[in-house]
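The sequence and structure are shown first.

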Amino acid sequence: MELKRVVVTGLGAISPIGNDVDTTWTNALAGVSGAGPITHFDASLFKTKFACEVKGFNAEDHFDRRKARQLDLYAQYALVAARQAVEDAGLESAPEGTIDKNRIGVIVAAGIGGLHTFEEEAGYYAMNAEKGPKYNPFFIPKMIADIASGHISMEYGYHGPNYGVVSACASSNNAIIDAFNLIRLGKADAILTGGAEAAIFPAGVGGFNSMHALSTRNDSPETASRPFSASRDGFVIGEGSAVLVLEELEHALARGAKIYAEVAGGGLSADAYHITATHPDGLGAKLAMQGALDDAGMKPEDIDYINVHGTSTPVGDVSEVKAIVDLFGEHARKLNISSTKSMTGHLLGATGAIEAMFSILSVQNDIVPPTINHDPEDKDENIDYTLNFTFNGAEKREVRAALSNAFGFGGHNASVIVKKFVK
């Protein structure tokens with residue numbers, strides 16, 4: 001069968017560097033760090049006392065009290081980002097007869113889901129166990145990682161494919177690829193897709209601390225996320241949500257929708273190596289990127305920008321660079337590469353979505369956001385600095401196509417390619 005073309009017609013974001021798409025994008029281009037002292041809880045006794053939190057988000061600005069009680073923070077972020085994306089795409093204001101809500105779906109991912117809700121409920125029971133089990137009736141539906149998709153569909157009456165995806169930090173790239181495939185196979189006209197996460201609470205920070213995964217640069221939080229620098233010491237945990245509206249091309253054109261970019265392909269793989277560490281030679285990363293290129297019918301030299309997973313961990317950064325050099329060869333030195341996690345931190349299950357959004361905006365605007373916090377003297381002998389990591393400043397260039405990587409615990413790898421839309 002002939003596959004349908006899929007385009008991006010709407011964007012929404014709640015992030016550590018902005019509570020809408022325009023602010024987030026402007027701050028990313030300016031190299032603004034979203035890191036600062038943790039305010040969600042008292043982190044004074046934790047090894048890591050900082051994070052990339054969403055700022056100025058008040059549930060009461062978006063939900064009535066009853067609705068807010070039903071939503072974990074991660075789902076609140078997802079719903080607000082989805083509202084932005086729906087408005088941006090004009091789905092609810094489309095001309096009469098151009099939208100069939102039975103053919104609009106929602107696939108919004110989370111790597112963890114309602115961790116805060118789980119922690120609160122488990123802690124309450126631990127302190128009151130002698131009274132017997134007593135749990136909030138919203139405990140389970142607030143906690144589960146698929147519930148954001150359910151709430152979004154209920155808000156708009158979208159009856160198309162609806163579920164969540166869980167593949168750790170690859171989750172929202174997996175969701176985007178699922179949405180892309182369903183639309184091009186003709187199973188839906190449009191799908192809201194992306195991810196959300198809110199794990200900056202004791203269990204999240206303490207759990208990652210126990211693995212020695214987080215940076216402990218408490219004296220300088222804003223410079224702690226420093227991908228590809230020798231002194232990097234772990235990732236900075238972030239939170240938020242990004243939601244994209246993917247739409248079948250002819251459906252978008254028929255209703256006069258604006259088009260940001262075209263989704264070209266997606267690739268998936270497994271490291272089959274370790275529960276948390278990436279394959280040291282970047283095998284899984286290479287397979288996912290190659291799969292995305294093959295799916296898109298593109299060659300390495302067709303890519304101008306890679307938004308890397310680039311978490312600022314000692315092992316992960318090296319293995320991803322190895323994979324890029326191995327796959328792209330000499331063209332690797334003609335690419336722009338950047339890790340926007342240096343600004344947003346690592347949004348876990350939402351990270352692929354916000355980085356796909358950055359990739360889409362790079363393609364649309366011909367500009368690459370930077371990798372901040374790099375000192376030219378701070379070089380790792382295992383990293384090839386003949387590559388252009390777009391250190392410390394955005395760079396204008398033609399971006400015909402961008403590739404966005406997301407890798408997760410368990411060895412899950414997912415790569416997405418977006419390109420300029422040409423009718």
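A search of the whole structure finds two cavities of 30 Å³ or more. A cavity here is a set of points, on a 1 Å grid over the protein atoms alone, where a 1.4 Å probe fits but cannot get out, and lining residues have an atom within 4 Å of a point. Volume is the space filled by probe spheres set on the points, which are joined across faces, edges and corners. This is a predicted model, in which local features need pLDDT of at least 70 and side-chain atom pairs count only at pLDDT 80 or more, while totals for chains, interfaces and linings use all residues. Residues are numbered from 1 along each chain as its sequence is written, and side-chain values use heavy atoms, with hydrogens and water left out.

**Largest cavity**
- The largest cavity holds about 60 Å³ of space.
- Its lining consists of D271, T278, H279, G282, L283, G284, A285, G316, S319, E320, F407 and N413.
- Two or more lining residues come from each of α10 (283-296) and α11 (314-328); helices (H or I, at least four residues) and strands (E, at least two) are DSSP runs, numbered from the N terminus.
- This lining divides into three nonpolar, seven polar and two charged residues, where Ala, Val, Leu, Ile, Met, Phe, Trp, Tyr, Cys and Pro count as nonpolar, Asp, Glu, Lys and Arg as charged, and the others, Gly among them, as polar.

**Second largest cavity**
- About 30 Å³ of space lies in the second largest cavity.
- V8, I176, L244, L246, V263, A356, I360, V416 and V418 line the second largest cavity, with two or more residues given by each of β7 (240-248), α13 (351-365) and β14 (412-419).
- All nine residues of this lining are nonpolar, with no polar and no charged ones.

**Helix α10**
- α10 has 14 residues and spans 20 Å from its first C-alpha to its last, close to the 20 Å expected at 1.5 Å a residue; the expected span is 1.5 Å times one less than the number of residues.
- Its buried residues (under 20% relative accessible area, 1.4 Å probe, protein chains only) are G284, A285, A288, M289, A292, L293 and A296.
- These buried residues pack against β8 (261-270), α11, β13 (401-408) and β14, with contact meaning heavy atoms within 4.5 Å.
- After α10 comes G297, whose phi is positive, near 65°.

**Aromatic pairs**
- The structure holds twelve aromatic pairs, counted when ring centres of Phe, Tyr and Trp (its six-membered ring) lie within 6.5 Å.
- Y156 and Y158 form a stacked pair (planes under 30 degrees apart), because their ring centres are 5.3 Å apart and their planes lie at 15°.
- Both Y156 and Y158 are buried.
- F228, Y385, F389 and F391 are linked into a cluster by ring pairs.

Note on methods: On a 1 Å grid over the protein atoms alone, a cavity is a set of points where a 1.4 Å probe fits but cannot get out, and a pocket is an open set with protein on both sides within 12 Å along at least five of seven lines; lining residues have an atom within 4 Å of a point. Buried means under 20% relative accessible area, exposed over 50%, partly exposed in between (1.4 Å probe, protein chains only). Rings of Phe, Tyr and Trp (its six-membered ring) pair if their centres lie within 6.5 Å; planes under 30 degrees apart count as stacked, over 60 as edge-to-face and the rest as tilted.
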